[in-house]
Amino acid sequence: MEWMALVLFACVCGVLLFGYPVALTLAGVSLIFAGIGALVGGFDASYLTAMPNRLFGIVSNETLIAVPLFVFMGVMLEKSKVAESLLVAMAALLGKYRSGMAVSVVLVGMLLAASTGIVGATVVTMGLLSLPSMLNRGYSPAFATGAICATGTLGQIIPPSIALILLGDVLSSAYQKAQLSMGIFSPDSVSVGDLFVGALVPGLLLVVLYLVYVMVVGMKSGKSEDVATNIDAPAAEPASEESEQSLFSALVPPLLLIIVVLGSILAGFATPTEAAGVGASGALLLAAFKKQLSLAQLKVVTMDTTRMTAMVFMILIGASVFSLVFRGFGGEELIHGFLTELPGGVFGAMLVVMLVVFALGFILDFIEITFVVVPIVAPVLLAMGVDPVWLGIMLALNLQTSFLTPPFGFALFYLRGVAPPTILTSDIYRGVVPFIIIQIVLLIGLAIWPELATWLPETLYS
């Protein structure tokens, strides 16, 4: 009955395409298959008795406490107009340069990724603030929308990232499981902090590649409809001392918050969960400093945080039901046998997993892939000797493309919702293609040089 595990996975993906809620789809389809399997004698219902312990483990997981705290920090910073202040000040400073507005979008996107880490909020904010300005300055719709969507997804790889927190929790369990399967009964651990440190170099490299691309595009103005044309009209005024002071006042507060949150994790002074608490408190103080904090504002931020946190935990609960049923049908043994027997050994197994994750990114969100696919394949890869930090960063970069790949890339939907009617959906799709290629190039580079992800953690924690 191992083939039932594959049918279960296919049915879950199929039902998700019809737009049903992810958490209910994962749990509901799995329980239907479990019932059918129990009736025909192909599923041992005792597997489901582990569900109460799974649920208790989810709600008592200290690592996952960082999720609502970082979400609160991100939403509060977004509502306090940090992005607006940064973008206006940066555009005023760099507006006199060729491709200055595009460079501003990338730099502000990087800072927002390190301070908020919420893709939807970043893309919507940047779309509302910068898209009209970019179009007025002569940028093509495809290039402008592509740059905004791509930089909005930097929050997936630049810490503190919700994706890295969820991946870190899943990989921690998978790493312990892999070591126990190899007879190592005092297993090493991999933490969210390890992934944060490992993601710094690849994340900054991705920003550099984005900057190189937008600057090269600016230099080639007028040669293609996909590039920025007539980029110097209307000409921006040279940066004044007032604009520089405005940039300083807009940049320093969030930068200090980033340094405190990430610095405490990198220096080993705090765990990611503790740093998330500091970040949430800092975001409150920053909002109060900017006179953007009120009871009504706090209520909106709290409600948004609650909704997003509930969604994550509900999906995690549904994924737990799915994993138990998948295991009950012998799916884990099937995947283990398939990956270990592939030609090319570790390289072949890793290549297949990366291709599958990339393909699933066209139809599934990163949360579903993290909770459904990663727990299945990660223990096998880790048991084959793959470094857990490198695997986590590879998966994070790969999952980042799921926000950009048509037709279901969430960043594309976020921008489509705030873009003017003159912007065609096809423009957005064409605009993100070069940035997807850049991410794939970095992914290949990380595969060739794993030290890009592993060097900094080994240096800091050796």
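Student: So helices here are DSSP runs of H or I, at least four residues, numbered from the N terminus. With that settled, where is Gln156 found?

Tutor: Happy to start there. This is a predicted model, and in it Gln156 sits in the loop between helix 8 (141-152) and helix 9 (162-181).

Student: Is Gln156 buried or exposed?

Tutor: Buried: its relative accessibility is 3%, and the cut-off for buried is under 20%.

Student: What is Gln156 in contact with, leaving aside neighbours within four places in sequence?

Tutor: The list is Val119, Ser161, Ala163, Leu164, Phe366, Gln400 and Phe403.

Student: Okay, another loop. Where does Gly361 lie?

Tutor: Gly361 is in the loop that joins helix 15 (345-360) to helix 16 (366-383). Gly361 is buried, because its relative accessible area is 2% and buried means under 20%.

Student: And what does Gly361 touch?

Tutor: Not counting residues up to four places away in sequence, Gly361 touches Ile369, Ser402 and Thr405. Also, the C-alpha atoms of Gly361 and Asn398 are 8.3 Å apart in space, although the two residues are 37 apart in sequence.

Student: Switching topic: how do helix 1 and helix 2 pack?

Tutor: Helix 1 (residues 3-17) and helix 2 (residues 22-40) meet at an angle of about 145 degrees, and their axes are 10 Å apart. Their crossing is right-handed.

Student: Which residues make that contact?

Tutor: From helix 1 you have Met4, Val7, Leu8, Cys11, Val12, Val15 and Leu16. Helix 2 brings Val22, Thr25, Leu26, Val29, Ser30 and Phe33. By type, eleven are nonpolar, two are polar and none is charged.

Student: How exposed are Cys11 and Cys13?

Tutor: Cys11 is partly exposed at 28% relative accessible area, whereas Cys13 is buried at 9%.

Student: Last one: what span should helix 6 have?

Tutor: Helix 6 (residues 100-115) has 16 residues, so at 1.5 Å a residue it should span 22 Å.

Student: How many residues of helix 6 are buried?

Tutor: 14 of the 16, so by the under 20% cut-off helix 6 is mostly covered.

Note on methods
Residues numbered from 1 in each chain as written. Predicted model: local features only at pLDDT ≥ 70, side-chain atom pairs only at ≥ 80, totals over all residues. Heavy atoms only, no water. Axes fitted to C-alpha atoms, helices over the stretch in contact; angles between N-to-C directions. Helix = DSSP H or I, 4+ residues; strand = E, 2+ residues; numbered from the N terminus. Left-handed = near helix turned anticlockwise from the far one by under 90°. Contact = heavy atoms within 4.5 Å. Nonpolar A, V, L, I, M, F, W, Y, C, P; charged D, E, K, R; others polar. Expected span 1.5 Å × (residues − 1). Buried < 20%, exposed > 50% of the residue type's maximum accessible area, 1.4 Å probe, protein only.
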